[in-house]
Amino acid sequence: MSAPFLTVRGVVKRFGARTALAGVELALGAGEIAVVLGATGAGKTTLLRTIAGLERPDAGTLELDGRDVTHEPPRARDVALVFQDFSLYPRWTVRANLAFPLRAPGRSLPAAEIEERVRGVAATLRIEHLLERDARRLSGGEMQRVAIGRALVRRPRLFLMDEPLTNLDAKLREALRLELVTLVRALGTPMVYVTHDQAEALSMADRIHVLDAGRVLQAGPPREVYLRPASPAVARALGSPPMNALAARREGATWVAEADGTPLCAAAAGAPARALLGVRAEHVAPAGGTHPATVEVLEDTGPHQLVVARFAGTRLHLLVGRDLELAPGRTIHPRIDPARVVTWAADGST
Amino acid sequence: MKAVTLERLEKTFADGTRAVRGIDLAIEAGEFVVLLGPSGCGKTTTLRMLAGLELPTGGRITLDGKDVTHLRPAARDVGFVFQFYALYPHLSVRENVAFPLACAGMARGERTRRVAEVAEHLGLGRLLDLRPRQLSGGDQQRVALARAMVRRPAVWLMDEPLGTLDAALRAELCEFLRAEQLAQRVTTVYVTHDQEEAMRLADRVVVMSGGAILQAERPGRVYDEPADLFVARFVGSPGMNLFPGELRAAGAGAAELVLGAAADGARGAHPYPPPTLWGGRENRPIDIPSGVRESRENPVLHRLSTTLPPGPVTLGIRPEFIALDATSSLRGRVAVDEYLGASRCLHVDTPVGRWVVRVAPEEPATRGSEVGLRLDPAHLRLFHGATGARLA
């Protein structure tokens with residue numbers, strides 16, 4: 001990572017008896033995109049609001065561009081926050097909504113400068129034709145563009161986005177995700193992006209921070225977090241289908257299923273006696289194994305087919321090519337690629 | 001006998017909006033049908049007419065051969081699950097799930113057995129004695145599903161039941177739902193805007209747009225052989241690569257396809273002459289014959305012959321049927337590299353536009369790389385330039 005632009009250290013935030021953030025660590029390099037991935041209630045929004053200065057942390061520090069801003073008001077931080085629900089003024093035109101952040105007291109930009117910035121942002125986001133329209137008459141995708149435009153127009157030092165695509169249709173989400181990441185990369189402004197969508201996290205992030213119950217369970221580049229999740233909880237948060245987790249015990253150089261003793265794959269020297277094995281569905285081949293499995297469910301995902309098979313006393317997921325002819329009830333011989341297996345503590349803890 | 005039929009089903013609202021435009025659909029007993037489309041396509045209105053929550057302004061609905069078009073919801077043997085499902089806060093999970101059975105007058109022993117069975121399938125066993133407010137949002141939705149699925153009506157109707165849930169939980173419940181439906185074989189009509197969910201769940205995907213059905217086939221067919229440009233774009237994540245072009249006569253039974261030609265006037269001249277695709281036998285593209293010379297100025301992608309008439313067309317191909325090939329004359333630079341876990345999508349800018357290519361996660365090419373693209377001729381699709389209907 002380049003020199004950190006934003007550093008969050010041990011941030012704690014409590015609301016009464018409830019602890020929303022329990023010592024969060026996050027680092028973001030200049031021009032990078034950090035994605036915070038977590039389920040509802042994980043503390044994602046509180047973290048963003050704390051970075052923006054809308055919440056005051058009970059402990060910990062925030063450093064922005066080499067300066068401690070922990071106790072500075074939002075204004076002094078010069079960050080732009082985009083919300084899930086867009087938060088536009090419904091009866092104002094798109095132009096007025098875009099110009100609003102520039103008219104804030106203390107900014108005192110000349111009218112010509114405001115007009116120029118609004119036009120520039122509208123052109124970038126391809127919403128020039130909407131400038132005179134009331135915000136309430138926009139479609140969801142258009143509102144989302146205006147909300148992002150309102151963040152851009154300020155030319156902030158940092159973007160903070162709180163699930164900005166969640167309220168949109170799946171197809172629109174996919175298109176805007178690409179547009180957003182292209183735009184932010186072109187501007188070179190760093191961004192903290194919060195989501196529960198693992199595809200957004202994997203495709204947009206330079207670094208993913210998996211947040212659960214106010215704690216970062218793992219932080220790293222998408223590939224590292226996807227391929228080497230530190231715990232079953234991280235594995236569950238990333239990947240569709242979720243990673244297989246198989247309870248196993250070691251018999252010599254082989255992992256066997258805890259449930260019924262079915263051999264699973266080779267075990268590395270020095271591996272513990274018992275473990276939970278994590279393996280991605282695409283790293284289980286449908287043939288070449290020694291023990292049979294029964295196909296229960298087949299799902300066509302488009303580029304692949306997802307197979308759910310009864311194997312070693314549990315349900316095993318495989319992601320295989322669509323040219324392979326399978327049917328429920330059919331017997332296959334799954335082969336787990338030992339090089340791709342991740343081992344976790346047998347009780348699932350980190 | 002069909003479990004459900006819709007015949008010339010129409011719905012025009014009081015404000016004049018024609019939400020459903022005379023659709024026909026016949027659903028087999030035990031079939032899992034997913035109505036898929038963007039907001040405003042008519043899918044939810046169709047489901048609500050099936051449930052009896054909206055009355056059609058034309059056409060007919062039958063359930064198990066019986067005309068139910070004008071029957072009250074309670075008089076139809078259907079079970080619903082909605083996106084927001086209120087549970088009874090003062091009842092335990094067990095009582096909530098058993099409620100529809102108690103209403104139906106099922107004997108206590110049978111009721112207990114059935115609740116236990118559904119709870120087991122949906123992983124609710126340990127929650128049975130809790131109250132709804134003690135549960136997470138995901139578990140509450142699971143209870144709502146259990147309550148709907150505990151009864152075996154003629155049809156289950158589901159309106160985006162997983163819509164408000166987190167992605168990970170949605171994927172998990174998707175699987176539960178499919179397994180339970182397979183076990184019970186209750187005819188199911190399910191509404192969603194999420195094409196991935198539709199592909200995963202459905203025996204048959206019904207793609208809707210503008211109040212009409214565009215295609216109703218099994219997921220693989222809809223994905224491989226989309227009926228028109230809308231389906232090609234909407235199904236698949238990302239959708240099909242689509243490029244406007246023109247078929248030009250090239251002797252008897254042959255035509256050449258020039259990419260980008262139709263759009264040239266509107267977009268201005270390309271920096272390079274557009275690549276040429278050649279027409280081939282049996283309406284099928286075949287590979288480039290050896291000896292055909294390729295160059296940057298005249299890149300020949302494929303040779304095919306066709307009996308299709310000359311005119312504007314759109315070429316379509318799925319991202320996974322384009323390979324990176326340094327020797328190909330269709331070249332470009334990777335503008336975006338999207339890591340998706342099990343695969344990656346490279347967005348490649350070429351003289352004729354941007355192509356999305358699905359590659360293995362280990363592929364060394366990345367943002368900024370110069371790459372050549374080779375299209376798999378067996379997977380090229382052609383669409384009518386004016387109507388968007390698939391030609392080949």
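Buried residues make up 45% of the 392 residues in chain B.

Biologist: Where does this model come from?
Modeller: This is a predicted model.

Biologist: What share of chain A counts as buried, then?
Modeller: In chain A, 46% of the 350 residues count as buried.

Biologist: How many helices and strands are there in chain A?
Modeller: Chain A contains nine helices and 21 strands.

Biologist: And what does the secondary structure of chain B come to?
Modeller: For chain B, the secondary structure comes to nine helices and 22 strands.

Biologist: What are the dimensions of the box that the C-alpha atoms of chain A fill?
Modeller: Taken along the principal axes, that box is roughly 75 × 45 × 35 Å.

Biologist: Let us turn to the interface. How many residues of each chain are in contact with the other chain?
Modeller: On chain A there are 32 such residues, and they are in contact with 34 residues of chain B.

Biologist: Which elements of chain A give two or more residues to that side?
Modeller: They are helix H6 (170–187), helix H7 (198–204), helix H8 (222–227), helix H9 (232–237) and strand S16 (293–300) of chain A.

Biologist: Which one gives the most?
Modeller: H6(A) gives the most to the side of chain A that touches chain B, with five residues.

Biologist: How does that side divide by class?
Modeller: The side of chain A that touches chain B has 14 nonpolar residues, along with nine polar and nine charged ones.

Biologist: A last topic: contacts within each chain. What percentage of those with a separation of 6 or more joins residues 24 or more positions apart?
Modeller: Such pairs account for 65% of these contacts in chain A, and for 64% in chain B.

Key:
Residues numbered from 1 in each chain as written. Chains lettered and ligands numbered in written order. Predicted model: local features only at pLDDT ≥ 70, side-chain atom pairs only at ≥ 80, totals over all residues. Contact = placed C-beta atoms within 7 Å. Helix = DSSP H or I, 4+ residues; strand = E, 2+ residues; numbered from the N terminus. Nonpolar A, V, L, I, M, F, W, Y, C, P; charged D, E, K, R; others polar. Buried ≥ 20, exposed ≤ 12 C-beta atoms within 10 Å, placed from the backbone.
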